[in-house]
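I opened this notebook to record how the parts of one chain meet. The entries below follow the order in which I looked things up.

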Amino acid sequence: MIERSGLRWPAPVKLNLCLHITGRRADGYHNLQTLFQLLRYGDFLSFRPLEDARVFLRNPLPGVDDEQNLVVRAARLLQSATGCQKGAIIDLDKRVPMGGGIGGGSSDAATTLVALNHYWQTGLSLSHLAELGLQLGADVPVFIEGKTAWAEGVGERLQPVQMPEIWYLVVTPNCHVSTAEIFSHKDLTRDSADITVAAFLEQGGRNDCQDLVARLHPEVRQVIDWLNQFGAAQMTGTGASVYCAFASAEAAQSVLCVMPKQWQGFVAQAVNTSPLHDLLQQIDDTGA
C-alpha cells in the first residue's frame, strides 16, 4: 500500500454518445443501450486514512447533506461490505457542474471505492467493487471498470470499445434537469429497438431523452441550437450538458472562447482508459 501525502485521485466524467431506452422493467428501472465515452477531465479526490471508522468529507457540497453525498455513501458502503473499521478524511476538488448528465457524482463515488479499497487494504477486485457501486448508481460500474464501453441492462453490462481519442466541447446551461422526472415522464420514448455495437459504430445513435428535455427546458434547446453551428450537438444522459466533437483541442477551444457567458463549458479529450486506472498502474509500478 502506498500512502502518498497529497496524492490526487482522478474522477473522470463521461459522455453518452447515444442513449437508447429499450424498455421499462417491473422494478421501475429502464433497460437501455448506451456508449459511455470517458473523458480526461473531472473532479479530484484525496484521502487521509484514519484508524477509527469516522468518514469525514472536509469540503461538503452546498445543499448536499453528507448522508446523501455519494462520496460518503461509497465509503460507508465499503465499510459495511467488508467489515472494515477504518475511516478517512476526504477532500473533494469539485470541478465539473452538478446535474449535467456527465456522471460527476457517480465518478466521485467510484474513485472513493477504488481508493479506499487501496488504503484500507480491503482486497476487493474491480468486479466486486463494480457490483457494490451499482447500489449507488447505474453508471458507477463503468467508472470503476475504467474503460470506454458499450453498456446494456441498466448500464451495468459493459463491453469495452475502442473509440477515437478526439476532443469534445461540453456546454452546460444554468438549469437543473431531474433525472427522475425525465425517466418517469409519460412522453419519454421507451420502445427503441435493440441495436448491435457494430451498428452503432457504423451508423451512430441518438439520445431518446433529448427531445423531451429540450421541450421541458428551453435552456437546453438553446445550447443545442447554438452548438449545432459548429457540428452535430447532442445531449448527454438526461442533460443538461450538451457536447460537440472536434478533431483538435484548438478547434474546440476556439468555440469555447465565443460561448455565451451565461453557460459553463470545458474542453476535454476522449480516452479509452480512465485516468483513474492510469494512476492505479503507476501505483502498481512503483509501490508493489
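I worked from a predicted model, in which local features need pLDDT of at least 70, side-chain atom pairs count only at pLDDT 80 or more, and totals for chains, interfaces and linings use all residues. Residues are numbered from 1 along each chain as its sequence is written, and side-chain values use heavy atoms, with hydrogens and water left out.

Entry 1, domains. I found the chain divided into domain 1 (8–161) and domain 2 (167–269), the bounds coming from an automatic or database domain assignment. I noted 22 Å between their centres, taken over C-alpha atoms. To the contact (heavy atoms within 4.5 Å) domain 1 gives 29 residues and domain 2 gives 35 residues.

Entry 2, area. I read a buried area of about 2,600 Å² between domain 1 and domain 2, with 62% from carbon and sulfur atoms; this is the accessible area (1.4 Å probe) that two parts lose on being put together, summed over both. Within domain 1, Leu19, His20 and Ile21 lose the most area to domain 2, together 22% of what that side buries.

I recorded 19 residue pairs in polar contact across the interface, both residues at pLDDT 80 or more. Such a contact is a pair of N or O atoms within 3.5 Å; within protein, one must be able to donate a hydrogen and the other to accept it, and residues adjacent in sequence count only if both atoms are side-chain atoms.

Entry 4, composition. I counted 14 nonpolar, 11 polar and 4 charged residues on the side of domain 1 that touches domain 2, with Gly classed as polar.
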